[in-house]
Amino acid sequence: MEQLREEQAAEEAADPGGERSGDRSEDRICLLLRLRAQTKQQLLEYKSMIDANEERTPEQIMQENQIEAKIEDLENEIEDVKSTFEMRNLALNRPFLKIKIKDKGIGDLENMNIKKRLQLKQASGSKLSQLQMEKNKQKEDLESMKDSDMIKTMQKNLQKEIEIATVVQHVFQALILGSKTNWAEDSAFKEIVLQLEKNLTTI
Amino acid sequence: MSVLRPMDKLPDLNRATVLLVSTEDALLQQLADAMLREDCASELRVHLAKSLPLPSNVNRPRVDLIVFVINLHSKYSLQNVEESLQHVDSSFFLGKVCFLVTGAGRESHCSIHRNTVVKLAHTYRCSLLFCDLEVEGFRATMAQRLVRMLQICAGHVPGVSALNLPSLLRSSEGTLLEEL
(Lines give C-alpha, C1' and ligand atoms only; values in the text may rest on other atoms or scores of the structure.)
Protein backbone atom coordinates (compact mmCIF):
# COMPACT_ATOMS: atom_id res chain seq x y z
CA MET A 1 0.00 0.00 0.00
CA GLU A 2 1.37 3.34 -0.88
CA GLN A 3 0.31 6.83 0.01
CA LEU A 4 1.39 10.04 -1.51
CA ARG A 5 1.49 13.37 0.22
CA GLU A 6 2.56 16.63 -1.26
CA GLU A 7 3.19 20.06 -0.03
CA GLN A 8 4.68 23.05 -1.69
CA ALA A 9 7.21 24.97 0.33
CA ALA A 10 8.05 27.37 -2.41
CA GLU A 11 10.24 30.35 -1.84
CA GLU A 12 8.30 32.96 -3.72
CA ALA A 13 6.33 34.49 -0.89
CA ALA A 14 3.81 37.12 -1.87
CA ASP A 15 4.90 40.49 -0.50
CA PRO A 16 2.08 42.55 0.85
CA GLY A 17 4.12 45.76 0.60
CA GLY A 18 4.39 48.20 -2.22
CA GLU A 19 7.78 47.26 -3.69
CA ARG A 20 6.55 44.08 -5.24
CA SER A 21 8.29 43.94 -8.59
CA GLY A 22 11.76 44.75 -7.20
CA ASP A 23 11.59 42.18 -4.45
CA ARG A 24 10.11 39.59 -6.74
CA SER A 25 12.88 39.95 -9.30
CA GLU A 26 15.42 39.62 -6.51
CA ASP A 27 13.66 36.53 -5.28
CA ARG A 28 13.60 35.18 -8.78
CA ILE A 29 17.30 35.80 -9.21
CA CYS A 30 17.96 34.06 -5.91
CA LEU A 31 15.82 31.16 -6.98
CA LEU A 32 17.60 30.90 -10.30
CA LEU A 33 20.99 30.96 -8.67
CA ARG A 34 19.95 28.29 -6.24
CA LEU A 35 18.53 26.15 -9.01
CA ARG A 36 21.75 26.62 -10.94
CA ALA A 37 23.79 25.39 -7.98
CA GLN A 38 21.45 22.44 -7.53
CA THR A 39 21.60 21.47 -11.17
CA LYS A 40 25.39 21.66 -11.11
CA GLN A 41 25.58 19.37 -8.12
CA GLN A 42 23.14 16.90 -9.63
CA LEU A 43 25.05 16.91 -12.89
CA LEU A 44 28.22 16.19 -10.98
CA GLU A 45 26.56 13.24 -9.28
CA TYR A 46 25.32 11.77 -12.55
CA LYS A 47 28.72 12.21 -14.15
CA SER A 48 30.43 10.43 -11.30
CA MET A 49 27.95 7.55 -11.56
CA ILE A 50 28.68 7.24 -15.27
CA ASP A 51 32.41 7.21 -14.63
CA ALA A 52 31.95 4.59 -11.95
CA ASN A 53 29.89 2.39 -14.24
CA GLU A 54 32.43 2.53 -17.04
CA GLU A 55 34.80 0.41 -15.04
CA ARG A 56 33.95 -3.08 -16.14
CA THR A 57 34.45 -6.11 -14.01
CA PRO A 58 36.24 -8.84 -15.93
CA GLU A 59 33.78 -11.35 -17.18
CA GLN A 60 36.24 -14.03 -18.11
CA ILE A 61 37.30 -16.34 -15.35
CA MET A 62 40.45 -15.02 -13.72
CA GLN A 63 42.87 -17.30 -12.08
CA GLU A 64 42.78 -17.54 -8.34
CA ASN A 65 46.27 -16.08 -7.98
CA GLN A 66 45.31 -13.02 -9.93
CA ILE A 67 42.18 -12.56 -7.91
CA GLU A 68 44.08 -12.91 -4.67
CA ALA A 69 46.74 -10.48 -5.88
CA LYS A 70 44.05 -7.99 -6.82
CA ILE A 71 42.38 -8.37 -3.47
CA GLU A 72 45.68 -7.75 -1.73
CA ASP A 73 46.32 -4.65 -3.81
CA LEU A 74 42.91 -3.27 -3.01
CA GLU A 75 43.38 -4.01 0.68
CA ASN A 76 46.72 -2.23 0.66
CA GLU A 77 45.11 0.74 -1.02
CA ILE A 78 42.44 0.82 1.66
CA GLU A 79 45.13 0.65 4.36
CA ASP A 80 47.06 3.52 2.80
CA VAL A 81 43.98 5.67 2.50
CA LYS A 82 42.98 4.93 6.07
CA SER A 83 46.42 5.75 7.43
CA THR A 84 46.62 9.02 5.51
CA PHE A 85 43.15 9.87 6.75
CA GLU A 86 44.20 9.22 10.34
CA MET A 87 47.38 11.27 9.87
CA ARG A 88 45.38 14.14 8.50
CA ASN A 89 42.95 13.91 11.39
CA LEU A 90 45.85 14.08 13.82
CA ALA A 91 47.36 16.97 11.91
CA LEU A 92 44.07 18.80 12.01
CA ASN A 93 43.68 18.17 15.73
CA ARG A 94 47.21 19.27 16.56
CA PRO A 95 46.44 23.02 16.81
CA PHE A 96 43.61 22.25 19.24
CA LEU A 97 45.95 20.17 21.39
CA LYS A 98 48.54 22.96 21.32
CA ILE A 99 45.97 25.47 22.46
CA LYS A 100 44.95 23.14 25.28
CA ILE A 101 48.54 22.76 26.48
CA LYS A 102 49.18 26.50 26.30
CA ASP A 103 46.24 27.20 28.55
CA LYS A 104 47.80 25.26 31.43
CA GLY A 105 50.39 27.26 33.45
CA ILE A 106 52.34 24.32 34.93
CA GLY A 107 52.38 22.70 31.59
CA ASP A 108 54.61 25.50 30.35
CA LEU A 109 57.49 24.60 32.67
CA GLU A 110 57.26 20.98 31.70
CA ASN A 111 57.34 22.02 28.10
CA MET A 112 60.47 24.11 28.73
CA ASN A 113 62.32 21.14 30.26
CA ILE A 114 61.19 18.89 27.49
CA LYS A 115 62.29 21.43 24.91
CA LYS A 116 65.73 21.81 26.49
CA ARG A 117 66.21 18.07 26.61
CA LEU A 118 65.20 17.79 23.02
CA GLN A 119 67.65 20.51 22.05
CA LEU A 120 70.48 18.80 23.92
CA LYS A 121 69.69 15.51 22.26
CA GLN A 122 69.64 17.10 18.88
CA ALA A 123 72.95 18.91 19.52
CA SER A 124 74.70 15.74 20.68
CA GLY A 125 73.32 13.85 17.77
CA SER A 126 74.60 16.41 15.33
CA LYS A 127 78.04 16.43 16.96
CA LEU A 128 78.32 12.67 16.76
CA SER A 129 77.35 12.71 13.15
CA GLN A 130 79.99 15.38 12.49
CA LEU A 131 82.64 13.22 14.18
CA GLN A 132 81.67 10.28 12.08
CA MET A 133 81.91 12.34 8.95
CA GLU A 134 85.39 13.51 9.87
CA LYS A 135 86.52 9.93 10.48
CA ASN A 136 85.12 8.81 7.18
CA LYS A 137 86.88 11.68 5.43
CA GLN A 138 90.21 10.71 6.93
CA LYS A 139 89.74 7.10 5.88
CA GLU A 140 88.91 8.13 2.39
CA ASP A 141 91.93 10.39 2.21
CA LEU A 142 94.22 7.59 3.31
CA GLU A 143 92.83 5.20 0.79
CA SER A 144 93.10 7.73 -1.97
CA MET A 145 96.64 8.41 -0.99
CA LYS A 146 97.51 4.80 -1.57
CA ASP A 147 96.27 4.90 -5.07
CA SER A 148 98.09 8.06 -6.09
CA ASP A 149 100.75 7.87 -8.81
CA MET A 150 103.23 9.98 -6.93
CA ILE A 151 103.55 7.40 -4.21
CA LYS A 152 104.02 4.67 -6.78
CA THR A 153 106.89 6.50 -8.49
CA MET A 154 108.44 7.26 -5.13
CA GLN A 155 108.23 3.61 -4.19
CA LYS A 156 109.83 2.63 -7.49
CA ASN A 157 112.69 5.08 -6.96
CA LEU A 158 113.22 3.84 -3.43
CA GLN A 159 113.38 0.28 -4.66
CA LYS A 160 115.99 1.23 -7.29
CA GLU A 161 118.13 3.05 -4.76
CA ILE A 162 117.97 0.09 -2.39
CA GLU A 163 119.09 -2.25 -5.16
CA ILE A 164 121.96 0.01 -6.16
CA ALA A 165 123.08 0.32 -2.56
CA THR A 166 122.91 -3.44 -2.12
CA VAL A 167 125.07 -3.93 -5.17
CA VAL A 168 127.57 -1.39 -3.82
CA GLN A 169 127.59 -3.21 -0.49
CA HIS A 170 128.34 -6.52 -2.17
CA VAL A 171 131.12 -4.93 -4.24
CA PHE A 172 132.83 -3.48 -1.18
CA GLN A 173 132.44 -6.78 0.72
CA ALA A 174 134.08 -8.60 -2.18
CA LEU A 175 136.90 -6.03 -2.32
CA ILE A 176 137.64 -6.32 1.40
CA LEU A 177 137.49 -10.12 1.51
CA GLY A 178 139.49 -10.36 -1.68
CA SER A 179 142.23 -8.18 -0.26
CA LYS A 180 142.64 -10.69 2.62
CA THR A 181 143.27 -7.94 5.16
CA ASN A 182 142.52 -8.49 8.83
CA TRP A 183 139.53 -6.22 9.20
CA ALA A 184 138.73 -7.37 12.74
CA GLU A 185 141.73 -5.63 14.29
CA ASP A 186 140.84 -2.04 13.46
CA SER A 187 137.62 -0.98 15.16
CA ALA A 188 136.67 1.56 12.48
CA PHE A 189 137.29 -1.04 9.76
CA LYS A 190 135.25 -3.57 11.73
CA GLU A 191 132.33 -1.16 11.93
CA ILE A 192 132.42 -0.51 8.18
CA VAL A 193 132.37 -4.24 7.36
CA LEU A 194 129.54 -4.90 9.79
CA GLN A 195 127.59 -2.04 8.27
CA LEU A 196 128.01 -3.59 4.84
CA GLU A 197 126.20 -6.66 6.18
CA LYS A 198 123.01 -4.79 6.89
CA ASN A 199 120.02 -5.72 4.81
CA LEU A 200 118.84 -2.45 3.33
CA THR A 201 115.31 -3.61 2.54
CA THR A 202 114.43 -4.00 6.20
CA ILE A 203 115.49 -0.51 7.24
CA MET B 1 9.66 -2.21 -11.46
CA SER B 2 10.87 -4.55 -8.82
CA VAL B 3 14.13 -2.88 -7.88
CA LEU B 4 14.51 0.72 -6.84
CA ARG B 5 17.34 2.43 -8.63
CA PRO B 6 18.63 5.83 -7.61
CA MET B 7 19.51 7.30 -10.96
CA ASP B 8 17.13 5.82 -13.47
CA LYS B 9 15.01 8.97 -13.64
CA LEU B 10 15.93 12.57 -14.10
CA PRO B 11 15.43 14.76 -11.06
CA ASP B 12 12.62 17.25 -10.95
CA LEU B 13 13.68 20.82 -10.57
CA ASN B 14 13.86 21.89 -6.94
CA ARG B 15 12.12 18.76 -5.72
CA ALA B 16 13.35 16.23 -3.19
CA THR B 17 11.56 12.95 -2.56
CA VAL B 18 11.96 10.77 0.49
CA LEU B 19 10.57 7.29 0.89
CA LEU B 20 9.74 6.14 4.40
CA VAL B 21 9.40 2.39 4.76
CA SER B 22 8.05 0.84 7.92
CA THR B 23 5.29 -1.35 9.27
CA GLU B 24 4.43 1.30 11.86
CA ASP B 25 1.82 3.42 10.07
CA ALA B 26 1.03 5.86 12.84
CA LEU B 27 4.64 6.72 13.50
CA LEU B 28 5.30 7.20 9.82
CA GLN B 29 2.38 9.57 9.45
CA GLN B 30 3.55 11.65 12.36
CA LEU B 31 7.11 11.73 11.07
CA ALA B 32 5.91 12.71 7.61
CA ASP B 33 3.88 15.56 9.08
CA ALA B 34 6.85 16.75 11.08
CA MET B 35 9.06 16.70 8.01
CA LEU B 36 6.60 18.64 5.93
CA ARG B 37 6.31 21.28 8.61
CA GLU B 38 10.05 21.90 8.34
CA ASP B 39 11.33 25.02 6.66
CA CYS B 40 13.03 23.96 3.49
CA ALA B 41 14.00 25.83 0.37
CA SER B 42 13.29 22.86 -1.88
CA GLU B 43 9.95 21.27 -2.50
CA LEU B 44 9.51 18.22 -0.32
CA ARG B 45 7.66 15.08 -1.24
CA VAL B 46 7.19 12.31 1.28
CA HIS B 47 6.19 8.83 0.19
CA LEU B 48 5.09 6.29 2.75
CA ALA B 49 5.25 2.56 2.19
CA LYS B 50 4.76 -0.49 4.32
CA SER B 51 7.26 -2.58 2.41
CA LEU B 52 9.10 -2.87 -0.86
CA PRO B 53 8.63 -3.67 -3.72
CA LEU B 54 6.43 -0.76 -4.59
CA PRO B 55 3.63 -1.32 -7.06
CA SER B 56 4.85 -0.43 -10.50
CA ASN B 57 1.67 1.04 -11.88
CA VAL B 58 2.08 4.41 -10.24
CA ASN B 59 4.07 7.17 -11.88
CA ARG B 60 6.54 8.13 -9.25
CA PRO B 61 9.36 10.67 -9.12
CA ARG B 62 12.94 9.75 -8.48
CA VAL B 63 13.50 8.73 -4.86
CA ASP B 64 16.40 10.57 -3.29
CA LEU B 65 16.48 9.09 0.18
CA ILE B 66 15.05 5.89 1.65
CA VAL B 67 14.51 5.75 5.39
CA PHE B 68 13.83 2.34 6.89
CA VAL B 69 12.16 2.76 10.24
CA ILE B 70 12.66 -0.15 12.62
CA ASN B 71 10.82 -0.47 15.89
CA LEU B 72 12.86 -2.33 18.45
CA HIS B 73 9.66 -3.50 20.11
CA SER B 74 8.57 -5.67 17.21
CA LYS B 75 10.60 -8.29 15.41
CA TYR B 76 8.22 -8.11 12.49
CA SER B 77 9.38 -4.60 11.58
CA LEU B 78 12.98 -5.80 11.37
CA GLN B 79 11.97 -8.79 9.28
CA ASN B 80 9.95 -6.58 6.97
CA VAL B 81 12.85 -4.19 6.51
CA GLU B 82 15.26 -7.03 5.79
CA GLU B 83 12.97 -8.38 3.12
CA SER B 84 12.49 -4.95 1.59
CA LEU B 85 16.22 -4.39 1.41
CA GLN B 86 16.44 -6.98 -1.33
CA HIS B 87 14.41 -4.80 -3.63
CA VAL B 88 16.78 -1.88 -3.41
CA ASP B 89 19.54 -1.49 -5.94
CA SER B 90 23.05 -1.66 -4.57
CA SER B 91 23.95 1.82 -5.78
CA PHE B 92 21.37 3.20 -3.38
CA PHE B 93 23.55 2.16 -0.48
CA LEU B 94 26.14 4.80 -1.30
CA GLY B 95 24.61 7.13 1.25
CA LYS B 96 21.01 7.32 0.07
CA VAL B 97 19.68 4.81 2.56
CA CYS B 98 19.27 5.47 6.25
CA PHE B 99 18.09 3.29 9.09
CA LEU B 100 15.99 4.95 11.76
CA VAL B 101 15.51 3.00 14.95
CA THR B 102 12.79 3.86 17.41
CA GLY B 103 11.76 2.46 20.74
CA ALA B 104 15.21 2.14 22.23
CA GLY B 105 14.16 4.10 25.29
CA ARG B 106 12.05 1.40 26.92
CA GLU B 107 14.47 -1.48 27.43
CA SER B 108 11.84 -3.84 28.86
CA HIS B 109 9.74 -3.77 25.69
CA CYS B 110 12.63 -4.31 23.33
CA SER B 111 12.53 -7.66 21.61
CA ILE B 112 15.34 -6.87 19.20
CA HIS B 113 18.80 -6.21 20.55
CA ARG B 114 20.40 -2.93 19.65
CA ASN B 115 23.44 -4.72 18.28
CA THR B 116 21.35 -6.47 15.64
CA VAL B 117 20.46 -3.16 14.09
CA VAL B 118 23.99 -1.85 14.48
CA LYS B 119 25.27 -4.91 12.61
CA LEU B 120 22.65 -4.48 9.93
CA ALA B 121 23.65 -0.87 9.35
CA HIS B 122 27.29 -1.88 9.37
CA THR B 123 26.76 -4.61 6.77
CA TYR B 124 25.06 -2.23 4.42
CA ARG B 125 27.46 0.63 5.24
CA CYS B 126 24.55 2.96 5.91
CA SER B 127 24.01 5.62 8.51
CA LEU B 128 22.06 4.64 11.57
CA LEU B 129 19.95 7.05 13.57
CA PHE B 130 18.23 6.49 16.88
CA CYS B 131 15.13 8.39 17.87
CA ASP B 132 12.08 7.95 20.04
CA LEU B 133 9.45 8.87 17.48
CA GLU B 134 6.66 8.95 20.00
CA VAL B 135 7.99 12.05 21.72
CA GLU B 136 7.03 15.23 19.91
CA GLY B 137 10.28 17.12 20.52
CA PHE B 138 12.56 14.29 19.39
CA ARG B 139 10.39 13.68 16.37
CA ALA B 140 10.69 17.31 15.30
CA THR B 141 14.48 17.24 15.68
CA MET B 142 14.74 14.01 13.76
CA ALA B 143 12.51 15.43 11.04
CA GLN B 144 14.85 18.38 10.75
CA ARG B 145 17.85 16.06 10.43
CA LEU B 146 16.10 13.97 7.81
CA VAL B 147 15.19 17.04 5.81
CA ARG B 148 18.83 18.15 5.77
CA MET B 149 19.93 14.67 4.73
CA LEU B 150 17.30 14.63 2.04
CA GLN B 151 18.51 17.91 0.64
CA ILE B 152 22.04 16.56 0.45
CA CYS B 153 20.93 13.30 -1.16
CA ALA B 154 18.86 15.15 -3.72
CA GLY B 155 21.90 17.18 -4.71
CA HIS B 156 20.49 20.48 -3.52
CA VAL B 157 23.48 21.31 -1.37
CA PRO B 158 26.48 22.28 -3.50
CA GLY B 159 29.72 20.72 -2.40
CA VAL B 160 28.24 17.92 -0.31
CA SER B 161 27.23 14.67 -1.91
CA ALA B 162 25.35 11.69 -0.56
CA LEU B 163 28.63 9.77 -0.49
CA ASN B 164 29.85 11.95 2.36
CA LEU B 165 26.92 11.08 4.56
CA PRO B 166 27.84 7.64 5.96
CA SER B 167 31.28 8.78 7.06
CA LEU B 168 29.99 12.06 8.45
CA LEU B 169 27.21 10.42 10.40
CA ARG B 170 29.41 7.71 11.80
CA SER B 171 29.00 7.47 15.56
CA SER B 172 31.87 7.07 17.99
CA GLU B 173 30.98 3.41 18.46
CA GLY B 174 32.18 2.33 15.09
CA THR B 175 35.34 4.13 14.10
CA LEU B 176 37.25 3.44 10.94
CA LEU B 177 39.98 1.48 12.67
CA GLU B 178 37.62 -0.83 14.40
CA GLU B 179 36.14 -1.91 11.12
CA LEU B 180 39.09 -4.14 10.32
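Modeller: Start with pairing. Two strands pair if DSSP finds at least two bridges between them. In β4(B), B:Phe99 is the bridge partner of B:Phe68. Keep in mind that this is a predicted model.

Biologist: What makes β3(B) and β4(B) a pair?

Modeller: They share 6 bridges, in the parallel sense. The cut-off is at least two, so the two strands pair.

Biologist: How do you know that β1(B) and β3(B) pair?

Modeller: Same test. Strand β1 (residues 15-21) of chain B and β3(B) have 4 bridges, again parallel. One detail: B:Leu20 has B:Val67 in β3(B) as its bridge partner.

Biologist: Why is β3(B) called largely enclosed?

Modeller: Count the residues. Of the 7 in β3 (residues 65-71) of chain B, 7 are buried, so the rest of the structure largely encloses the strand. Both faces take part. B:Leu65, B:Val67, B:Val69 and B:Asn71 point one way, while B:Ile66, B:Phe68 and B:Ile70 point the other way.

Biologist: Which elements make the right-handed β-α-β unit?

Modeller: β3(B), helix α2 (residues 75-85) of chain B and β4(B).

Biologist: Now the rings. How many aromatic pairs are there over all chains?

Modeller: The search finds 3. In one of them, B:Phe99 and B:Tyr124 lie 6.5 Å centre to centre, with 50 degrees between the planes.

Biologist: Why is that pair called tilted?

Modeller: Stacked needs under 30 degrees and edge-to-face needs over 60. The angle here is 50 degrees, so the pair counts as tilted. The partners are 25 residues apart in the chain: B:Phe99 sits in strand β4 and B:Tyr124 in the loop between α3 (114-123) and β5 (127-130) of chain B.

Biologist: What makes the span of helix α4 of chain A agree with expectation?

Modeller: At 1.5 Å a residue, its 30 residues (149-178) should span 44 Å. The end C-alpha atoms are 43 Å apart, which agrees.

Biologist: Which residues of α4(A) are buried?

Modeller: A:Ile162, A:Gln169, A:Gln173 and A:Ile176. They pack against α5 (187-196) of chain A. Just after α4(A), A:Lys180 takes a positive phi of about 50 degrees.

How values were computed
Residues are numbered from 1 along each chain as its sequence is written. Chains are lettered from A and ligands numbered from 1 in the order in which they are written. This is a predicted model: local features need pLDDT of at least 70, side-chain atom pairs count only at pLDDT 80 or more; totals for chains, interfaces and linings use all residues. Side-chain values use heavy atoms; hydrogens and water are left out. The expected span of a helix is 1.5 Å times one less than its number of residues. Buried means under 20% relative accessible area, exposed over 50%, partly exposed in between (1.4 Å probe, protein chains only). Contact means heavy atoms within 4.5 Å. A crossover is right-handed if, with the strands pointing away from the viewer, the path from the first strand over the helix to the second runs clockwise. Rings of Phe, Tyr and Trp (its six-membered ring) pair if their centres lie within 6.5 Å; planes under 30 degrees apart count as stacked, over 60 as edge-to-face and the rest as tilted.
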